[in-house]
Structures are given as C-alpha cells and as structure tokens.
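Open the model in your viewer and keep the selection tool ready.

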Amino acid sequence: MILRTFRLVPVFLLALLAACSGLPTAQDADVMPIVHDGNAHRGMKRAVVVIPGAMASVGMFEPVLDWDLGDGAVLAYRFPGLDGTKLNHRLDIAAAGELIAETMDKLEVEEVYLIGFSTGGPVALEAARRLPRKEVSVALISSAGPFPAGIEASVEGFFDVVGALVRSHGTSMEDAWLENYRTLLYGRKHYVNGDTAKQSKVLAEEQRGQLLTPGPRMTMAHTADLMTWTLPQDPNLAKAKIGVFHGREDTVFPIGPTSRFAVSIPADGMKIYDGQGHILFVTAPTLWDDVRTFFGLKAGPPPGK
C-alpha cells in the first residue's frame with residue numbers, strides 16, 4: 001500500500017501543478033509583493049531584501065530590521081496569500097527575481113544584499129543575476145536547489161507528514177503538523193537524542209494554535225514553479241558574493257545536493273550547522289550574526305532606540 005501511495009505522489013503533484021498554472025504572476029496580476037521599512041528612497045546606498053520560503057511570513061526576518069544600514073532600507077518580498085497579499089497570483093521564481101532587480105534599479109541602490117530562505121533562495125539568485133552592474137551579496141539560508149530538488153522535497157515531505165501522524169498516534173492533524181515541525185527543526189534522527197528531542201517538543205508546543213496549515217491552492221501557488229526551476233548554464237553570477245547557510249540535518253533540502261549546488265554556482269563560502277534542520281532561524285542563534293558578518297555589515301540598535 002505504501003509503495004502504491006509513493007507512486008501516486010508524482011501524479012498528484014503534476015495534477016496540482018497543472019491546476020496552479022492558470023494563476024498569473026505578480027506582474028500579470030498587478031500585485032506589488034515588495035514592501036519596505038519606510039526608509040527606502042531613490043539613490044540610497046544600500047538595500048537588504050529578504051525573501052521568505054513557501055508558507056513562511058516575512059516576520060521570520062524580524063531580527064534583520066535591527067541592522068544599522070546607515071543610508072539604506074530593508075525590503076521584503078511577500079508570498080501569495082500571506083502578509084497582507086491575496087491568493088490571486090502564484091510565485092514565478094524568475095519573474096519574482098526580475099521584479100526585485102527592477103525595484104533595485106528604480107531606487108538606484110549601490111549595494112544590494114539579498115537573503116533568501118528555502119524557496120526564496122532561488123528567487124534571490126534570479127534577482128542577483130539580473131543586477132550585474134551593482135555590488136550584490138546573497139545569503140542562501142536552507143535554500144532550495146534546482147530541479148529535481150523541489151519534487152524530491154515534496155515526496156519526502158509527504159512521508160515525513162505520514163511519519164508524524166503515526167508518532168502523534170493520529171490524535172489530530174494539528175498534533176501531526178507539530179510532530180512534523182520537530183523534524184523540520186532538528187531532522188529525522190534527533191528523536192533518539194533525549195535532550196534535543198525534549199527541546200524540539202518544547203519548541204513545537206510553543207507553535208500550537210499558530211502553525212499555518214495551507215490548502216493545496218496556496219501550497220502549489222508557492223511551490224509549483226520550484227518543481228521545474230533551474231539556473232541556466234551561465235547564470236551571470238560571477239560578480240555576486242554568495243554565501244550558503246545550511247543545516248546538516250535539513251530534511252527538506254539535504255546537505256549533499258546542497259553542497260554540490262553551492263560548488264556549481266559557485267558560492268564564495270558555505271557554513272554548515274551541525275545538528276540543525278531546515279528552520280535555522282529558530283534553532284541556530286548565531287544565524288543572523290553569521291549572515292551579517294558575511295555581508296560585512298554591522299549591527300545596530302532598532303530604529304528609534
């Protein structure tokens with residue numbers, strides 16, 4: 001029965017992919033998914049653009065708002081149906097990158113710092129390769145890779161949810177999602193480590209009543225394009241400074257393919273967080289300092305303080 005289900009997963013994904021393809025991109029739907037912190041202005045020296053992953057809010061980047069940018073601003077790219085946007089369009093990775101690049105050009109920014117999490121990683125790369133005349137740095141956090149990474153993540157994620165349902169004894173779907181959240185935090189092997197398992201349980205309980213459980217329409221609006229996304233042979237990224245920040249126990253985008261992708265880009269550096277999973281912004285306390293250091297930016301107090 002499990003084998004039969006496994007064979008049906010790609011068919012199910014293709015059906016959803018076809019259903020989602022009718023949604024327009026942000027440009028075609030006349031949606032402006034990019035917002036800023038109020039400090040953006042034409043001719044500013046630097047801009048930090050944060051790009052969350054599928055089913056993730058831009059709120060995950062809250063610590064980045066504390067950065068002292070001097071003459072600069074933080075901008076965020078919002079995914080369909082989240083952070084005040086309507087679910088009337090889909091994420092097109094290349095189109096999203098193009099929109100970010102166009103915004104940077106219109107603002108005449110000198111230095112661009114792109115931070116992409118998960119599916120937001122490819123968006124950051126697509127933006128960077130369209131900004132060859134600017135000083136561009138990119139931080140890829142738990143980043144998705146090229147085809148077939150998206151399909152593999154969907155299939156493996158399906159079985160992780162099934163496993164979570166079994167561990168939660170089928171009590172409720174919320175309990176299953178919380179169990180799956182534990183896997184996202186520290187990976188599949190952490191349950192045998194008493195201290196880490198206890199920590200994941202505590203962190204998961206903190207999310208009770210708050211976890212987003214999206215339906216198929218939002219899921220595919222966020223992830224459908226990732227199923228086939230890849231970079232061209234010459235992605236025009238030679239001038240960009242690219243850092244990869246990844247958990248060794250990431251179950252969504254495993255460390256092996258990610259390491260090979262980092263070499264192929266090529267990335268300027270890769271930091272691996274031992275014992276950490278996909279949600280580094282929750283489990284890795286030094287993450288934002290590591291990214292800031294890679295960018296060469298210094299932290300400062302929150303605005304107004």
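How do the residues of the lining of the second largest pocket divide into nonpolar, polar and charged? They divide into twelve nonpolar, six polar and eight charged. Here Ala, Val, Leu, Ile, Met, Phe, Trp, Tyr, Cys and Pro count as nonpolar, Asp, Glu, Lys and Arg as charged, and the others, Gly among them, as polar.

Before going on, note that this is a predicted model, in which local features need pLDDT of at least 70, side-chain atom pairs count only at pLDDT 80 or more, and totals for chains, interfaces and linings use all residues. Residues are numbered from 1 along each chain as its sequence is written, and side-chain values use heavy atoms, with hydrogens and water left out.

**Stop 1: the second largest pocket**

Select E152, V252, F253, P254 and P257, the closest to the pocket centre of the 26 lining residues. The pocket has a volume of about 360 Å³. A pocket is an open set of points on a 1 Å grid over the protein atoms alone, with protein on both sides within 12 Å along at least five of seven lines; lining residues have an atom within 4 Å of a point. Volume is the space filled by probe spheres set on the points, which are joined across faces, edges and corners.

Now colour α4 (149-167) and α8 (255-264), the elements that give two or more residues to this lining. The largest share, six residues, comes from α8. Helices are DSSP runs (H or I, at least four residues), numbered from the N terminus.

**Stop 2: the cavity**

Select L140, S143, A144, V244, T258, F261 and A262, which line the largest cavity. A cavity is a set of grid points where a 1.4 Å probe fits but cannot get out. About 40 Å³ of space lies inside. By class, the lining has five nonpolar, two polar and no charged residues.

**Stop 3: α2 and α3**

Select 93-107 for α2 and 120-128 for α3; their axes come within 7 Å and cross at roughly 50°. Axes are lines fitted to C-alpha atoms over the stretch in contact, and angles run from 0 to 180 degrees between N-to-C directions. I93, A94, A96, G97, I100 and A101 in α2 meet P122, V123, E126 and A127 in α3, where contact means heavy atoms within 4.5 Å.

**Stop 4: α5 and α6**

Finish with α5 (residues 173-186) and α6 (residues 194-206), which pack at about 125° with axes 9 Å apart.
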